[in-house]
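I opened this notebook to record what I looked up in the structure shown below. The entries follow the order in which I consulted it.

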Amino acid sequence: MRDDFLSGLNPEQLAAVTLPHESALILAGAGSGKTRVLTTRIAWLVDSGLASPFGLMAVTFTNKAAREMLTRLTAMLPINTRGMWVGTFHGLCNRLLRAHHRECGLPAAFQILDMQDQLALIKRVMRALNVDEERTPPRQVQQFINSQKESGIRASACESYDPQTRRYIDVYGEYEQQCQREGVVDFAELLLRAYELLSRNAMLREHYQQRFRHILVDEFQDTNRLQYQWLKLLGGPDTAMFVVGDDDQSIYAFRGANVGNMRDFEREFRIGKVIRLEQNYRSFGNILDAANALIENNEGRLGKQLWTAAGPGEPVRVFEALTDQDEAHFIVEEVRQLHREGTALADMAVLYRSNAQSRLLEHQLFAAGVPYRVYGGLRFFERQEIKHALAYLRLTANRDDDGAWLRVVNFPARGIGARTLEAVQVAAREGGLSLWASCCSRPPGGAAANKLAVFVRLIDELSAEIAELPLPEKIDALLDRSGLRDYYRAEKDGEERLENLEELVNAAQNFQYEVEGGTVEDFLAHASLESGELQAEVAQDALQLMTVHSAKGLEFDAVWVCGLEEGLFPHENSLSAHDGIGEERRLMYVAITRARKRLYLTLATQRQLYGQTRYNLASRFLREIPEPLTQWLNRRPPSSANHGGYAAPRVQTGAAVYAGTQDLQGFRIGQSVKHGRFGQGVIVAAEGSGDDARVQVNFPEAGVKWLLLSYARLEAC
DNA sequence: GTGTTGTACATAGGC
DNA sequence: TGTACAACAC
């Protein structure tokens, strides 16, 4: 039995899986069988009686990873994995808070705000405080609040040395109180509350410390400070921490991830020997060598070198296109060719740094009739119709949820306008009440009072009617009673939304199958935490389009990494960030290591971005890949004139310069020129053609000037 | 209350 | 260039 799942492991994997009861750090490279090691470790612990299924906890970052772990465990062990503490940080904290809601001062039916909900609440608070949204953008306040919480700092403990920070803190404080009044928590709050609960309650802490003799953590490089502190609280003197991560794949510093946690862990848990999983089972040698060479350029790595028993395979193909159009065209043609040769579309992926790049690709794929699927974008539970339906459900569970109240009080329209809402909000603020409580105890006068009363009655009756129904029927009834179904039925483009609402009933049905005794609160928490792709995988074979970020953890036979230009990848915004280039390089490392057999790197020297043409230099990352590993498909950009009637490019001042090939009477962008009066300068932009051709020149002494080529006598120099 | 126009904005995105 | 959201008129 045991040999079953231990066979086939390499020596390092085997050593990791069968480690004795002690804390360990596993440095697991891309494609090194990390998930397998993690799940096999759990199976081995349980199978050999070293741990009970309920005496261990496993933490992942995504629900998908948690699900996969549970699925594999179910296949390996003859046990019911239900009830095991396997999940995401947020999911497990939610579980902890539900179980001890009284100890941490939350109502039993507390609701979870997603990012949208949180932003909406922040805006409401800011309006109540009369904070100017121009000078203090709500998004920045949101970031401020979340990063404070991730550092474990409450509003009362914040320090400010300037008026702007003072304003942030004021909003933070009021926001905290408002959340408390409404009985809602945001994502960061789930973690912070769980942390505070354990740090303040010694009995509870010791209970869990004794219970979890093994804690296993996946993707440790992505943990933030608070998550690491929380793990340390849960781990008692007898807990073995089994931590798996890859510092080279840390790509979420921008949202608080702290790679430093790996080094801290190594030190604080006195890890004697780090186990390195360096054998790669995914890619051919050239691809791995390219990745290794690239990442060598980063500083402060823990150090690791991927290798494979497979041969070198094909060279890394590099294609330099003239324009982004040509780049997309090239990719589409190569995809079709590979497809003809027998590679399934689903085994190919085009990766890009930013979402804006997908549009052009989609356009050309559509024109060529190649099926494709774009990842990212609106998730199921983030759709407005779903949010509306869930808001009704939230109100039946918790009347004080102002966000839900505001969302549906006048949707579908009930003649309750902005004036009335303003009055209710003012009254609620004065009385320190929720909107619901306020309009029940001190309703505004006038005709609106009636309409509000109708809404109150609707929610009360709805709650009573569905109280005894099973969850899916609750939602089904609510869709009718609220008028949502009728509304979208009448709407001319409402069909898809109507289908989504039916899908919500299905989702509730499935939820009931999966979670025995799942309550409305459980389902709502599930909806907040699992905003993900709920729709069944589309059966059609389709090319995969996604950002490099969302490709993490995936693999494909053939991968195109496109837009390899300075400013785009590495992204210009990363230049100013601390270790920004380092993180971009890790991102590139992740991109490269997605490919099994064939890797393409493409770039365009001229690209439309936000309606303007930009001229970019080739990405530095291309230079960091050794020549012998690559094959340049077109060393020189094609000088062909097959762009008949092209629009003359317009360039923004300050855009990266590139020697374009367009006819400017012998001049080109980026060229140094001399002018009779203005002296020496550099051409930074061009416009028009023929006699109307103008160039923009940056003269260090005279500034930036537009000059008509036919008049200004420019000299090349 | 709904449809229309106008303006600001545009890295990455898990829970 | 395209979208999202707010302010505006009907």
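**Entry 1: DNA strand B.** I began with the atoms of DNA strand B that lie within 4 Å of the protein: 45% of them belong to sugar or phosphate, and the rest to bases. I note that this is a predicted model, in which local features need pLDDT of at least 70 and side-chain atom pairs count only at pLDDT 80 or more, while totals for chains, interfaces and linings use all residues; side-chain values use heavy atoms, with hydrogens and water left out. Residues are numbered from 1 along each chain as its sequence is written, and chains are lettered from A and ligands numbered from 1 in the order in which they are written.

I then asked which residues come nearest to DNA strand B. A residue is counted as near a strand if one of its heavy atoms lies within 4 Å of it.

Entry 2: I looked up individual distances next. A polar side-chain atom of Arg 379 lies 2.3 Å from a phosphate oxygen of DNA strand B. For Tyr 610, an N or O atom in the side chain is 3.1 Å from a phosphate oxygen of DNA strand B. His 571 has a polar side-chain atom 3.2 Å from a sugar or linking oxygen of DNA strand B.

**Entry 3: DNA strand C.** Which residues surround DNA strand C? I found Lys 123, Arg 359, Tyr 610 and Gly 611. They divide into one nonpolar, one polar and two charged. A backbone N or O atom of Gly 611 lies 3.3 Å from a sugar or linking oxygen of DNA strand C. Of the atoms of DNA strand C within 4 Å of the protein, 50% belong to sugar or phosphate and the rest to bases.

**Entry 4: The annotated binding site.** I consulted UniProt, where an unreviewed entry places a "binding site" at Ala 28, Gly 29, Ala 30, Gly 31, Ser 32, Gly 33, Lys 34 and Thr 35. I examined two of these residues. Gly 31 is found in the loop between β1 (24-28) and α3 (34-47). Is Gly 31 buried or exposed? Gly 31 counts as buried because its relative accessibility is 18%, and buried means under 20% relative accessible area, exposed over 50%, and partly exposed in between (1.4 Å probe, protein chains only). Leaving aside neighbours within four places in sequence, Gly 31 is in contact (heavy atoms within 4.5 Å) with Gln 279, Asn 280, Tyr 281 and Arg 282.

Thr 35 has its place in helix α3. At 23% relative accessibility, Thr 35 counts as partly exposed. Not counting residues up to four places away in sequence, Thr 35 touches Glu 68 and Arg 72.

**Entry 5: Asn 258.** I located Asn 258 in the loop between β7 (240-245) and α12 (260-268). Its relative accessibility is 15%, so Asn 258 counts as buried. Beyond its neighbours within four places in sequence, Asn 258 is in contact with Gln 221, Thr 223, Asn 224 and Arg 225.

**Entry 6: Confidence.** Last, I checked pLDDT, the predictor's confidence in each residue, from 0 to 100. Chain A averages a pLDDT of 88, and 92% of the residues score at least 70. Over residues 636-661 pLDDT stays under 50.

Notes
UniProt positions renumbered as here; feature names shortened; annotations may be inferred. Helix = DSSP H or I, 4+ residues; strand = E, 2+ residues; numbered from the N terminus. Polar contact = N/O pair within 3.5 Å; in protein donor to acceptor, adjacent residues only side chain to side chain. Nonpolar A, V, L, I, M, F, W, Y, C, P; charged D, E, K, R; others polar.
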